[in-house]
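Hi everyone, thanks for coming.

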Amino acid sequence: MTDVEFRDLSKSFGRHKILENISLDIKSGEFVVLVGPSGCGKSTLLRMLAGLEPITSGDLLIGGVRANDLPPQQRNIAMVFQSYALFPHLKAADNIGFGPKIRGEARPAIDEKVKKASGILNLFSYLDRYPRELSGGQRQRVAMGRAIVREPSVFLFDEPLSNLDAQLRVQMRTEIKALHQRLKSTIVYVTHDQIEAMTMADRIVVMDRGEIQQVGAPLELYDRPANKFVASFIGSPSMSFVSGALKTTPEKSWFESAGGGRLALGGKTVPAGSTVEAGIRPEHFVIGEAVDAMAIKVDVVEPTGSETHVYGAIGADTVRAVFRDRIQVKPGEMLPVSVAPGNIHLFDTATGLPL
């Protein structure tokens with residue numbers, strides 16, 4: 001097993017800075033997901049780790065060895081790409097065994113490695129097929145098998161599920177997670193899909209504009225986001241934000257929205273008069289009149305069977321609420337809601353930082 005360290009790593013293309021002062025330790029055997037919007041630098045960071053992009057400044061250590069100038073073939077890393085990158089003229093078995101073959105390994109050893117990888121990935125029935133004869137999920141498993149036979153120290157995945165339909169993505173998420181648990185390997189996985197990050201990672205690295213915003217376990221990021229960006233990015237459906245101000249008396253504190261509704265803050269100590277945004281997870285809205293409540297003006301209702309999703313507005317702010325009940329509400333109606341004080345996230349409007 002091998003650990004990975006980024007020490008003040010930066011990357012620029014000319015005057016355009018892509019990554020700035022990235023510092024991150026990835027432990028041996030850990031599943032770390034780099035997540036963020038398109039253009040945040042996550043794929044560039046992965047390519048620097050693979051040796052496909054030169055490092056502008058800082059240090060990269062793999063297994064304690066400085067790897068800045070090591071060529072890709074000497075890093076003992078295997079990469080699985082979004083586009084599969086299979087050889088169309090080779091059958092699945094030959095694609096999987098291609099690496100050992102070009103390294104000059106004996107045919108019996110190659111066959112044994114292909115057999116082992118195929119067993120892990122349930123590919124025995126497809127070894128004689130060409131890539132064009134395989135589904136997207138099967139091709140991705142072949143690409144994973146090709147990585148496994150290299151027996152690398154670190155696996156890199158660059159948005160490997162982006163080309164699959166929704167049902168296959170769920171299946172492949174499970175297979176990749178099971179692969180990690182079986183091999184106990186170090187995995188660095190890049191995606192823009194925070195559901196993939198939440199369901200697969202030991203730790204998530206949230207990136208934006210070339211910088212790390214927060215690093216932590218999935219539920220840590222969900223429950224205690226470091227700033228408004230992380231709060232808005234982690235969670236599906238995403239957190240809603242309602243603008244307003246904080247009010248306080250000797251007896252209590254509350255949040256008062258720009259639209260006039262209010263939410264009790266319980267025993268929270270707040271700077272009265274501060275202009276803030278209240279962040280509320282969709283599942284934390286509770287229907288019903290309360291002493292401290294506000295109302296959603298309903299725009300769209302989406303019944304999904306197990307849940308009812310309500311899109312609407314509180315004042316000028318768009319919100320989304322999710323209820324486990326099959327509620328009867330129509331567009332144009334006002335839906336009274338409240339939120340428990342412990343489920344209200346307050347962010348400074350100017351800085352985006354939590355209060």
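So, how many salt bridges does the structure hold? It holds 17, where a salt bridge is a side-chain nitrogen of Lys or Arg within 4 Å of a carboxyl oxygen of Asp or Glu.

Quick housekeeping. This is a predicted model, where local features need pLDDT of at least 70 and side-chain atom pairs count only at pLDDT 80 or more, while totals for chains, interfaces and linings use all residues. Residues are numbered from 1 along each chain as its sequence is written, and side-chain values use heavy atoms, with hydrogens and water left out.

Let's pick out some of those salt bridges. One of them joins R7 and E5, at 2.9 Å from N to O. E5 has 15% relative accessibility, so it counts as buried. R7, with a relative accessible area of 40%, is partly exposed.

Next, E53 and R47. Their closest N and O atoms are 3.7 Å apart, and they form a salt bridge. E53 is buried, with a relative accessible area of 19%, and R47 is partly exposed at 29% relative accessibility. K11 comes into this as well: K11, R47 and E53 are linked in a network of salt bridges.

One more pair: R262 and E256 meet through their side chains in a salt bridge, 3.5 Å from N to O. R262 is partly exposed, with a relative accessible area of 27%, and E256 is partly exposed too, at 23% relative accessibility.

Now to helix 1, which runs over residues 42-50. Helices here are DSSP runs of H or I with at least four residues, numbered from the N terminus.

What does K42 touch, beyond its neighbours within four places in sequence? Its contacts, meaning heavy atoms within 4.5 Å, include L34, P37, E159, H192 and M207.

Another lysine to look at is K177, in helix 6, residues 166-183. At 18% relative accessibility, K177 counts as buried. Leaving out residues up to four places away in sequence, K177 touches M200, A201 and D202.

Last stop: helix 4, residues 107-121, and helix 5, residues 136-148. Where do they meet? A117, I120 and L121 in helix 4 meet R141, M144, G145 and I148 in helix 5.

That's my tour, so over to you for questions.

Definitions and conventions
Helix = DSSP H or I, 4+ residues; strand = E, 2+ residues; numbered from the N terminus. Axes fitted to C-alpha atoms, helices over the stretch in contact; angles between N-to-C directions. Buried < 20%, exposed > 50% of the residue type's maximum accessible area, 1.4 Å probe, protein only.
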